Amino acid sequence: IKRIFARSILGHGRYAICRDLNRDGIPAFQARAWQPSYITKVLSNRATVGELQNYAFGDDGKRKPVGEPIAGYYPVVVDELTFQRANAARERRNLSG
């Protein structure tokens, strides 16, 4: 997880991060190999900073947050600044295409 955040901050996109993780034999969590969509999920998941956000399905069938996020629920993997920097870099890449 820390490697994914570090690579994002350095300007690597999700495809490059996947390629490197798969090449180096880093096991994926839910599949045989890393996929770009999973890199995005990891980078955008606030559980990496220890936060839990409960959700429920609304009448429209979409997930909606319930209550406030609970800080300190999970062990912190990356600090808030690292989380923000990695996601800001990801956003810049999305805008510049």
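Tyr-73 sits in the loop that runs between β2, residues 63-70, and α4, residues 80-96.

Now the chain as a whole. There are 4 helices and 2 strands, and the order from the N terminus is α-α-α-β-β-α. The C-alpha atoms fill a box of roughly 40 × 30 × 30 Å along the principal axes. The chain has 97 residues, and 27% of them count as buried. The accessible surface comes to about 6,700 Å², with 53% of that belonging to carbon and sulfur atoms. On contacts: taking those with a separation of 6 or more, 49% are between residues 24 or more positions apart.

Next, helix α2, residues 14-23. Which of its residues are buried? They are Ala-16, Ile-17, Cys-18, Asp-20 and Leu-21. As for what they pack against, the partners are α1, residues 2-9, and α3, residues 36-44. Recall that an α-helix has 3.6 residues a turn, so residues three or four places apart point the same way. Just after α2 comes Gly-25, which takes a positive phi of about 75°.

Asp-20 makes a salt bridge with Arg-7, with the closest N and O atoms 2.4 Å apart. This pair links distant parts of the chain, since Asp-20 is in helix α2 and Arg-7 in helix α1, 13 residues apart. Asp-20 has a relative accessibility of 6%, so it counts as buried. The pair is also part of a network of salt bridges, which links Arg-3, Arg-7, Arg-19, Asp-20, Arg-23 and Asp-24.

How many salt bridges does a search of the whole structure find? The count is 8. Another of them joins the side chains of Arg-46 and Glu-80, at 2.8 Å from N to O. Arg-46 lies in the loop between α3 and β1, residues 52-57, while Glu-80 is in helix α4, so the pair ties together parts that are 34 residues apart in sequence. Both ends are partly exposed: Arg-46 has a relative accessible area of 28%, and Glu-80 has 32%.

Asp-60 is partly exposed at 46% relative accessibility, and Lys-64 is partly exposed at 40%.

On to the strands. Arg-63 lies over the face of Tyr-55, at 3.9 Å from the ring centre. Val-66 is in strand β2, and at 43% relative accessibility it counts as partly exposed. What does Val-66 touch, leaving aside its neighbours within four places in sequence? The contacts are Gln-53, Asn-54, Tyr-55 and Ala-56. For Gln-53, the C-alpha atom is 7.3 Å from that of Val-66, and the two residues are 13 residues apart along the chain.

Last topic, the aromatic rings. A pair of aromatic rings is described by the distance of the centres and the angle of the planes. The whole structure has 5 aromatic pairs. One of them is Phe-29 with Tyr-38, which is edge-to-face, at 6.1 Å centre to centre and 65° between the planes. Tyr-38 also pairs with Trp-34: the centres are 5.9 Å apart and the planes are at 45°, so that pair is tilted. Through these ring pairs, Phe-29, Trp-34 and Tyr-38 form a cluster.

The cut-off for exposed is over 50%. Tyr-38 is partly exposed at 21%, where buried would require under 20%. Trp-34 is buried, with a relative accessible area of 5%.

That is what I have on this predicted model. Questions, please.

Note on methods. Residues are numbered from 1 along each chain as its sequence is written. This is a predicted model: local features need pLDDT of at least 70, side-chain atom pairs count only at pLDDT 80 or more; totals for chains, interfaces and linings use all residues. Side-chain values use heavy atoms; hydrogens and water are left out. Rings of Phe, Tyr and Trp (its six-membered ring) pair if their centres lie within 6.5 Å; planes under 30 degrees apart count as stacked, over 60 as edge-to-face and the rest as tilted. Buried means under 20% relative accessible area, exposed over 50%, partly exposed in between (1.4 Å probe, protein chains only). A charge sits over a ring if NZ of Lys or CZ of Arg is within 6 Å of the ring centre and within 35 degrees of the ring normal. Contact means heavy atoms within 4.5 Å. Accessible areas come from the Shrake-Rupley method with a 1.4 Å probe; for residues, only the protein chains shown count as cover. A salt bridge is a side-chain nitrogen of Lys or Arg within 4 Å of a carboxyl oxygen of Asp or Glu.
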